[in-house]
Amino acid sequence: MAEIAIGIDLGTSTSCVALSRQRKVEVLLNSFGEAVSASVVAFRADGTVVVGNAAKANIIHEPRHTVHSAKRLIGRYFFSEELRKAQAVCSYEIVEGPNHSVRIKIREEQFSLPEISAMVLKEMKSIAEANLGEPVSKAVITVPAYFNDNQRQATRDAGRIAGLEVLRLLNEPTAAALSYGFGRSVNQKVAVYDLGGGTFDISILEIGQDVYEVLATCGDTFLGGEDFDDRLIDLLAEEFLAQEGVNPRKDPYALEKLKVAAESAKKALSMDDEVEIRIPDVITGSDGRPRAIVRRLDCAEYTALVADLVQRTFKVCDEALQQAGLLAGQLDGVILVGGPTRLPLIRRAVAEYFGQTPKVDVDPDQAVAMGAAIHAATLVGSTEGSVLLDVTPLSLRIGVAGGLAETVIERNTPVPIEQTRVFTTFEDFQEAVRIRIYQGESRSADQNELLGQFTFSGFRRADRGQVRIEVTFEIDTDGIVNVTAREPETGQQASTQITLSSGLSPAQLDAIIAEGKADRVRSEAPVARAPAAPGPARAAARPGAAAMPAAPPSASTSDELEVLPDDAFDLEVDEEFEVVPGNVRVAAREPLEPEALDLMPEGTDLRDLPGPGAAPGAGAPGAPSDVDDLFGDMDDLDGPPDDDAS
Ligand SMILES: Nc1ncnc2c1ncn2[C@@H]1O[C@H](COP(=O)(O)OP(=O)(O)OP(=O)(O)O)[C@@H](O)[C@H]1O
Ligand SMILES: [Mg+2]
């Protein structure tokens, strides 16, 4: 019998699990018969945990012990800008963990973000097991295409904590495209416009002959339906403050009531032109009387409230089309994914932007999970599969002297990929180099996300520019980065391979798994076998389908910080690197160190450099213009200048 592997769409707001077998794909319903479950985790006083729509209903009663939108925080640093934004609208307590990581504090206990997401995954796993009547241990989990390495690693850790073998991390728009093409013979260039609860992705794909080739992908990992809700919450809160003299945002119970009202008003506006917002008891006044909000809201006012957010999605679309080398008019179709795309205001704007009516043949809530299931079945060899050719969303860079970040792999390069670049020492008689790896589109190192760093030493001491250090970057099909450094001169080899860490060290991850916190998840209702999902599931004979061999599950795990030293070299791995969580902008808290550990690209014209020792501070954060002056012609060494955002 073929192995079972499920597909899970781990969403910011909702999650969905699906299974593909015998050329059919079905969404597995939860015990309430629902296709999607809220990605909300409620911690009860007795220590048990409830996940899903029942947990969401609990938010207004227990806002401080109910965690939602964890995906907005996963793989991020405590002092990141995104964390500040999330904190402003979250009633649960977000605290700083070791090495600037993010932890959620519930009563006296702290949880890492992968642990919270693991609880959602665990619930999805349970839903699948209840439907299938047997244990499920393998899954494809989707991630926003624009997720960086830190966010991907953390998601993979979450899968492990939930007791799942993560066969693949699949980009959400690619999954949706798979679901769109499943069972039909299409030869098309399509755009997948995926506006979810917390993230926006746009991918341009060419589908043909069972090959799904991503031509370009762009996104924003902090833009979604929840930001729409925040706009309305702000409006309601300001009006309430002006009228009652009390800021309801300061009260966690009132804030959650505003949130519920804002979301239901938004959903109502996907069907009606006008809604009435009514919250009878926002807050109880000092006189003991409840204070209410009652107000009408129409589509025009709502559109004005969120117009700039919608506009932001099209800026991202501009970029994706440009990267794909296509005009909107050259696309054969536009596929809408994500709850907010049900809003007429979004449908109209998308139709106008792309000059065509978006397709309605995929279910915006289920297509991603279904695509993940289709791919999962292929990976365990239970169905014939399609070939997926995806890309890396962000440029991969290495930090060099002057606070700069040199591109090693350009964004939108097909993955898997391996690329080697040669660097050299920056100072005379330099003993070590610090290799810093970034993702992002800026030449200024501190404007990118730091993925990790390590120190490489043990090479011959020589004049600057004389020691060659080959740095090899690999991005695998999950979009996960590996880096190897090598000093080849003497013919002896030394290399260190780093699997960058999401913020949980191997020991921490093992401890978490051993502790079994994810096992606290209790399903609310007795679980019964649910009927197969109706609707969009399509059975498919795939004419001429090219079978894709089942890929073995990824052997590496995110917790590795592997050092493969050669005896001839003294290789060091920075301890501090081991627990670096995601998305740091180093400038914020960690000024670059003096240049004693700097690298520079091989072939840099030494006449353009300051004398040894003159550089300290040149690359310090906040001095990007000096830096540009200093290394202004460095681009010339590498061919065309970077396509930098900053
Ligand atoms: N009918 C509707 N009209 C407008 N918005 C809706 C509707 N239904 C759901 N939404 C909104 O869609 C969002 C959730 O969408 P979805 O489930 O696609 O996101 P997600 O997959 O959880 O998030 P992401 O993909 O960003 O991680 C929420 O903000 C929700 O309020
Ligand atoms: Mg989604």
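Q: Let's begin with helix H5: is it mostly covered or mostly open?
A: This is a predicted model, and in it helix H5, residues 172-181, is mostly covered: 10 of its 10 residues are buried.

Q: At what angle do H5 and helix H10 pack?
A: H5 packs with helix H10 (residues 367-379) at an angle of about 80°, and their axes are 7 Å apart. That angle makes H5 roughly perpendicular to H10.

Q: Which residues meet there?
A: From H5, Glu172, Ala175, Ala176, Ala177, Leu178, Ser179 and Tyr180 take part, and they meet Ala367, Val368, Met370, Gly371, Ala372, Ile374 and His375 of H10. By class, the residues of the contact between H5 and H10 are 10 nonpolar, three polar and one charged.

Q: Nice. New topic: which residues come nearest to ligand 1?
A: Ligand 1 has 23 residues around it, and Gly11, Gly196, Gly225, Ser270 and Gly339 come nearest.

Q: What classes make up the shell around ligand 1?
A: The shell around ligand 1 holds 14 polar, seven charged and two nonpolar residues.

Q: Which helices supply at least two residues of that shell?
A: Helix H6 (225-244) and helix H7 (252-268) each do. H7 gives the most to the shell, with three residues.

Q: Now for sheets. What's the order of the five strands in the open sheet with mixed pairing?
A: The order is S18-S13-S14-S15-S19. Strand S18 (333-337) and strand S19 (387-389) stand at the edges with a single partner strand each, so one side of each has no neighbour in the sheet. On average, neighbouring strands of this sheet are turned by 25° against each other, direction ignored.

Q: How many bridges are there between S14 and S15?
A: S14 and S15 pair over nine bridges, in the antiparallel sense. Within that pairing, Ile204 stands opposite Ala216 in S15.

Q: Which helix packs on this sheet?
A: Helix H8, residues 299-324, packs on the sheet and touches strand S13 (188-195), S14 and S15. The direction of H8 makes about 140° with that of S15.

Q: Where does Asp210 lie?
A: Asp210 is in the loop between strand S14 (200-208) and strand S15 (211-220). Although Asp210 is not a glycine, it has a positive phi of about 65°.

Q: Why does Asp210 count as buried?
A: Asp210 is buried because 20 other C-beta atoms lie within 10 Å, and 20 or more is the cut-off for buried.

Q: What about Phe429, buried or exposed?
A: Phe429 counts as exposed, because it has 12 C-beta neighbours inside 10 Å. Phe429 sits in the loop between S22 and strand S23 (432-439). Its phi is near 55°, a positive value in a residue other than glycine.

Q: Which two residues does the cis peptide bond join?
A: The cis peptide bond joins Val415 and Pro416, with omega at about 5°. Pro416 is found in the loop between strand S21 (404-409) and strand S22 (417-425).

Q: Back to sheets: in what order do the three strands of the antiparallel open sheet come?
A: They come in the order S6-S5-S7. The edge strands are S6 (49-51) and S7 (66-67), and each pairs on one side only.

Q: How many bridges join S5 to S6?
A: Three bridges join S5 (residues 41-43) to S6. Ala42 has Val50 in S6 as its bridge partner.

Q: Which helix lies across S5, S6 and S7?
A: Helix H3, residues 113-132, lies across these strands and runs at about 65° to S6.

Conventions:
Residues numbered from 1 in each chain as written. Chains lettered and ligands numbered in written order. Predicted model: local features only at pLDDT ≥ 70, side-chain atom pairs only at ≥ 80, totals over all residues. Near = placed C-beta within 6 Å. Helix = DSSP H or I, 4+ residues; strand = E, 2+ residues; numbered from the N terminus. Nonpolar A, V, L, I, M, F, W, Y, C, P; charged D, E, K, R; others polar. Pairing = 2+ DSSP bridges. Contact = placed C-beta atoms within 7 Å. Axes fitted to C-alpha atoms, helices over the stretch in contact; angles between N-to-C directions. Parallel < 35°, antiparallel > 145°, perpendicular 65-115°, else oblique.
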